[in-house]
Amino acid sequence: MASSFSILLAAVTLVALLAVGSCGSEFTVHVEKGSCPTKLSLVTNVEVSEVEIREKGSNDFLECKGSGTKWTIESKETLKGPFAVRLTLKNGGYRVDDAAIPEEWKADSVYKTKIQV
């Protein structure tokens, strides 16, 4: 028969595992090499269903093409940062960071967002 201490230890361990599992991780965006003023190639640190960006001064989000962790957007005109990022999670929820990628972004750079996933 299990002792009271063993049961208490098991309960504390379970609570700790649930607490750690419920903490979100910081969503990051890597602007890949080859990105330029008219093309952003992004790699995210977690798989998401959809990524959209909004340019400075715009009210509309533009859909990136891709899936999982690799996303790209191309334009005939120069894309204007800073960029807001809106992502759709696999469970259907979405998150937004209004200044995820700075105005002076650089290719082959990683940007931490305020989004927790």
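Aspartate 108 lies in the loop between β7 and β8, where helices (H or I, at least four residues) and strands (E, at least two) are DSSP runs numbered from the N terminus. The model is a predicted one, in which local features need pLDDT of at least 70, side-chain atom pairs count only at pLDDT 80 or more, and totals for chains, interfaces and linings use all residues. Residues are numbered from 1 along each chain as its sequence is written, and side-chain values use heavy atoms, with hydrogens and water left out.

Two backbone features deserve a look. Phi of aspartate 108 is near 65 degrees, a positive value in a residue other than glycine. With 42% relative accessibility, aspartate 108 is partly exposed (buried means under 20% relative accessible area, exposed over 50%, and partly exposed in between, with a 1.4 Å probe and protein chains only). The peptide bond from glycine 81 to proline 82 is cis, with omega near 5 degrees, and proline 82 sits in the loop between β5 and β6. As background, most residues other than glycine have a negative phi, and most peptide bonds are trans.

Four of the five residues of β3 are buried. Its antiparallel pairing with β6 involves five bridges, and two strands are said to pair if DSSP finds at least two bridges between them. Within this pairing, glutamate 50 has threonine 88 of β6 as its bridge partner. An antiparallel pairing over two bridges also links β3 to strand β4 (residues 62–63), with isoleucine 53 opposite leucine 62.

Arginine 54 belongs to β3, which covers residues 50–54. Its side chain makes a polar contact of 2.7 Å with that of aspartate 98; such a contact is a pair of N or O atoms within 3.5 Å, and within protein one must be able to donate a hydrogen and the other to accept it, while residues adjacent in sequence count only if both atoms are side-chain atoms. Leaving aside residues up to four places away in sequence, arginine 54 also touches Pro82 and Phe83, among others, contact meaning heavy atoms within 4.5 Å.

The largest nonpolar core has 21 residues, of which Leu40, Leu42, Ile53 and Ile101 touch the most other members. Such a core is a set of buried Ala, Val, Leu, Ile, Met, Phe, Trp, Tyr and Cys residues joined through side-chain atoms within 4.5 Å. Elements giving it two or more residues include β1 (26–31), β2 (39–48) and β3.
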